[in-house]
Amino acid sequence: MPRNLWSRVTLVAVVVVLSGWYLYPPKRTINLGLDLQGGTHLVLGVEADKYVASQTDRAAEDLKATLERKGVAVKRIAREGDATVVVELASPQSWNDALTAAAELQNFGRRDEDQAAGRFKLVMSERVVSRLRDDAVRQGLETIRNRVDQFGVAEPTITRQGSDRILIQLPGIHDVARAKALIGKTALLEFKLLDERVSVEEALKGNLPDTDEILYQRRVDKETKTERKIPYVVQKRALLTGAELTRAEVQADPNSPGNWQVSIEFTATGTRIFGEVTEQNVGKHLAIVLDGSVYSAPRINERIPGGRAVITGQFTVDEARDLAIVLRAGALPAPVTILEERTVGPSLGADSIRQGLIAISASAAVVFVFMLFYYRLSGLIADVALGLNLLLLFACMAAIGATLTLPGLAGIALTVGMAVDTNILIFERIREELRLGKTPRASIEAGFRRALRTIIDTHLTVMGTAVILVSFGTSSVKGFGASLFLGLAASLFTAYFFTRLLFDLVYMGRRKVEAISI
Amino acid sequence: MIELFKNPNYDFIGKRKWAYYVSIAFTLIGLTSLVAKGGLRYDIDFTGGTLVQVRFEQAPSVAQIRSSLSTIHLGESVIQRFGDEREYIIRLPLAAASSEEVQKRVQSALAAGGLGKFEIRRLEFVGPQVGRDLQLQAVYLVLVGLVWITIYIGLRFDLRGGVAAVIAVIHDVLVCLGALSIMNREFSLPVLAALLTIIGYSVNDTIVAYDRLRENRGKMVPKGRTFADQMNDAVNQTLSRTILTSLTTFFSAAVLLFFGGKTLEDFAFVLFVGVITGTYSTTYVAAAIVVDWTRYVEGRLRRSKKAVAKA
């Protein structure tokens, strides 16, 4: 008996035990893809340009304020494109003052200067633009993660995909529409004063100052289900935003039974600003604006010192709860759009698992019976090796946390067919050696040795393709590639190492081998 | 010992002229169908759009579903039975409306259509950017796969072998795509995965034959055996393995096709066709090209030697 036989037996035993350990209990250890367990897969595109634009807007506002302070008269300061501010001075005399003020905007460089006309442009540097774009996606991802965590989804996956996409996977989720609304909402909360000097009628005709805008309040009549839009003239400048918010809680609306409201509490800074704003504007109306829609515009009766406010708007309890979540988690720095969605209901997932398992079992059964019939005892050896192959494959998936998808199941069914190829290659080779008149032992030896190179070649080429699938493919293609790769890696081990070991155990132990059952 | 073939010695390579005609014919049939039908039918994975899989409590008719959807103006919808008669797939083209809006409208239209209770079991929305990305990805994956194979075989064997193997693979891909087109099946992401598997499988087979040829050439080559004869020997020597492996893989693919469920049907179909053409192309495309290429090169060498001798 070869000396290293026992160490090989030990190795296989260790591998089997390890596999078992990784796989137990199977329901918990194997990650099922969304197509198998049901759930939603979303790819969101972050409109990062809008974040850049909003930062440029802010810079333009700052510059306007600085120039005003310095007494520099300005004809026009406006954003052009996403990252450029056009400055037109009322007169060229204040050119130098304007340049000093502009120099304070560190992220911008001056272009197209025309001193005679008193005109120049401020352009954000490429480096800053790309940093801002990156910030928008990163912050967006964090915010969405926060929201999803608070919404309560078991084991969500939220990752960045490429430069400006966010991949979200929510397994086992039932109310998909609600989850999507929660994730996709920008949730920019703003407090803006109504401009009561301008009548709504005039404003709708287009007679609107630069600093104002028309925003609407949506009111749904609960009986007729019709939607009414009430226009408001509000000042563009937000006095306070949701960034200064510490708490948001759901409450019953005391003024309208059956409806719910969200009470919010500001940070210290927010409280101070809110106090000042309310003090200075007693008698005016303050609009509470969420994502560009007015929710309410109550009259300020007196200074509000405590830093609390409520958002009302005929909310159901779920709507109020979701609004509280998004307000707590904060606004998205830039709007997001759904680029891709794949939702699989739990019943379909269960069907797919059943069908996939039937397919794997059936293809394994066909192969098992065939091998047994054709190669007898050697076929049995191959079958045992195939069994180990499947065990190893699943264990590897559990160990590295790979996800089993429906195409992945197909990949496994296919691996069964291809893994047996390795055994066939070896067996046919052994038969050839036997035909040449070699002794059984020599034939086994030569058969394995000769087949090895071919086996490595065939495995490496297909594993190479599998690597390509995993690295460049998305979702379903990836899952398929992963199971194909692991299946082939396992087959390399089992067919060559394990089958060989079984042959050695069966035939090498005896003193004299008369014939091989092959 | 059960043996399929006892010392097989068929003249495969000798009949390669005919095989070329057959290969070209099959490729052309596929291409004709592709051209006639204006390209492949792409799944929403590649075109973008919305797919809704609905299971009704009572079996409706396609006409009923179509009429209830006609009110929502979302463009030409494709309605297909999927599996049993209670389950349907509705495909909608990309619309100006957002994905949420499309879903809402479909749901309310079906609810208003008097079709009884239903359950939306699957919903997929692929936006235009993602569709374009996936299209690019498909082409990219196939190309990178082919490059990988050419490099691997080129290094392990020789360039002739690599190029011939890749031509065989391209033949298989074209035949599979042609079959998809003829059978009116759709090109989706799983089909792409199947195609890439077939690329691997086809090469696998080719490598086994090449390996054998190289091993034989390492030994003493009997006198008078031309390169074509040696290739034919290699094919014959690996014949039982080829047939056995093809059979087992073919069974696996067939099982998937018939028991794998509707979702995997197109995937399994490509494997099914691919296993057949992959096995065929090893001998009659890859090996045949290597033989003719070698003959051509050797012939030119001989002629130039003669020319040198004359001079």
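How far apart do the C-alpha centres of domain 1 of chain B and domain 2 of chain B lie? They lie 39 Å apart. The views below are taken from a predicted model.

**View 1. The two assigned domains of chain B.** Domain 1 is made of two segments, 21-41 and 131-302. Domain 2 covers 49-126. The distance between their C-alpha centres is 39 Å.

**View 2. The side of chain B that touches chain A.** Contacts link 55 residues of chain B with 56 residues of chain A. On chain B, at least two residues each come from helices H4 (99-112), H5 (128-156), H7 (189-218), H9 (239-259) and H10 (265-310), and from strand S5 (118-126). H7(B) contributes the most, 13 residues. Sorted by class, this side of chain B holds 30 nonpolar, 17 polar and eight charged residues.

**View 3. Strand pairing between the chains.** Strand S18 of chain A (residues 336-344) runs antiparallel to S5(B), and the pairing comprises five bridges. Within S5(B), Phe125(B) is the residue opposite Glu341(A).

**View 4. The largest nonpolar core.** This core contains 225 residues. The residues with the most contacts inside it are Leu327(A) from chain A and Cys176(B), Leu195(B), Val270(B) and Leu271(B) from chain B. Helix H11 of chain A (residues 346-400) gives the most to the core, namely 21 residues.

**View 5. Surroundings of Cys176(B).** With neighbours within four places in sequence left out, Cys176(B) is in contact with Leu195(B), Ile198(B), Val270(B), Val273(B), Gly274(B) and Thr277(B). Among these partners, Leu195(B) and Val270(B) are also listed with Cys176(B) as residues with the most contacts inside the core.

Conventions:
Residues numbered from 1 in each chain as written. Chains lettered and ligands numbered in written order. Predicted model: local features only at pLDDT ≥ 70, side-chain atom pairs only at ≥ 80, totals over all residues. Contact = placed C-beta atoms within 7 Å. Helix = DSSP H or I, 4+ residues; strand = E, 2+ residues; numbered from the N terminus. Nonpolar A, V, L, I, M, F, W, Y, C, P; charged D, E, K, R; others polar. Pairing = 2+ DSSP bridges. Core = buried A, V, L, I, M, F, W, Y, C linked by C-beta atoms within 7 Å. Buried ≥ 20, exposed ≤ 12 C-beta atoms within 10 Å, placed from the backbone. Domains from an automatic or database assignment.
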